[in-house]
Amino acid sequence: MVDVKCLSDYELHKHLMKLGFTPGPILPSTRKTYEKKLVQLLASPPWKPPVMKRPTRPHGSEDSDDSEDPAIKIILKGNIKFSKNKGKEGKKCNN
């Protein structure tokens, strides 16, 4: 294990970046915080979320738009009025 107290500011910064943490400036007032963070990261590296595969559509799909992300598609049903007043919720109209 690395002796974090013996690292230069540059080395401390480099080790933190290598483990996926972006530190601010390493100053005498912040150094102990970044040393603790490096020890934490060395003990248990940060968790990386799994890469999600995009669902595939059959070729020739009529409603397919290659630029559209199917996970973000929103469909509004009915008539919706949006209030111009800030902080007020829109109301659903039954026309």
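Helices here (H or I, at least four residues) are DSSP runs, numbered from the N terminus. The model is a predicted one, so local features need pLDDT of at least 70 and side-chain atom pairs count only at pLDDT 80 or more, while totals for chains, interfaces and linings use all residues. Residues are numbered from 1 along each chain as its sequence is written, and side-chain values use heavy atoms, with hydrogens and water left out.

**Exercise 1. Work out how H1 and H2 are arranged: parallel, perpendicular or oblique?**

Step 1: Get the axes, which are lines fitted to C-alpha atoms over the stretch in contact, with angles running from 0 to 180 degrees between N-to-C directions. For H1 (residues 9-18) and H2 (residues 31-43), they come within 10 Å and cross at roughly 40 degrees.

Step 2: Sort the angle: under 35 degrees is roughly parallel, over 145 roughly antiparallel, 65 to 115 roughly perpendicular, and the rest oblique. H1 and H2 are therefore oblique to each other.

Step 3: Check the hand. H1 passes H2 in a left-handed crossing, meaning the near helix is turned anticlockwise from the far one by less than a right angle.

**Exercise 2. Find which residues of H1 and H2 meet.**

Step 1: On the H1 side you get Asp9, Leu12, His15 and Leu16; their partners in H2 are Arg31, Tyr34, Glu35, Lys37, Leu38 and Leu41.

Step 2: Sort them by type. Five are nonpolar, one is polar and four are charged; Ala, Val, Leu, Ile, Met, Phe, Trp, Tyr, Cys and Pro count as nonpolar, Asp, Glu, Lys and Arg as charged, and the others, Gly among them, as polar.

**Exercise 3. List the largest nonpolar core.**

Step 1: Join up buried Ala, Val, Leu, Ile, Met, Phe, Trp, Tyr and Cys residues through side-chain atoms within 4.5 Å. That gives eight residues: Val4, Leu7, Leu12, Leu16, Ile26, Tyr34, Leu38 and Leu41.

Step 2: See who contributes. H2 supplies the largest share of this core, three residues.

Conventions: Helix = DSSP H or I, 4+ residues; strand = E, 2+ residues; numbered from the N terminus. Contact = heavy atoms within 4.5 Å. Buried < 20%, exposed > 50% of the residue type's maximum accessible area, 1.4 Å probe, protein only.
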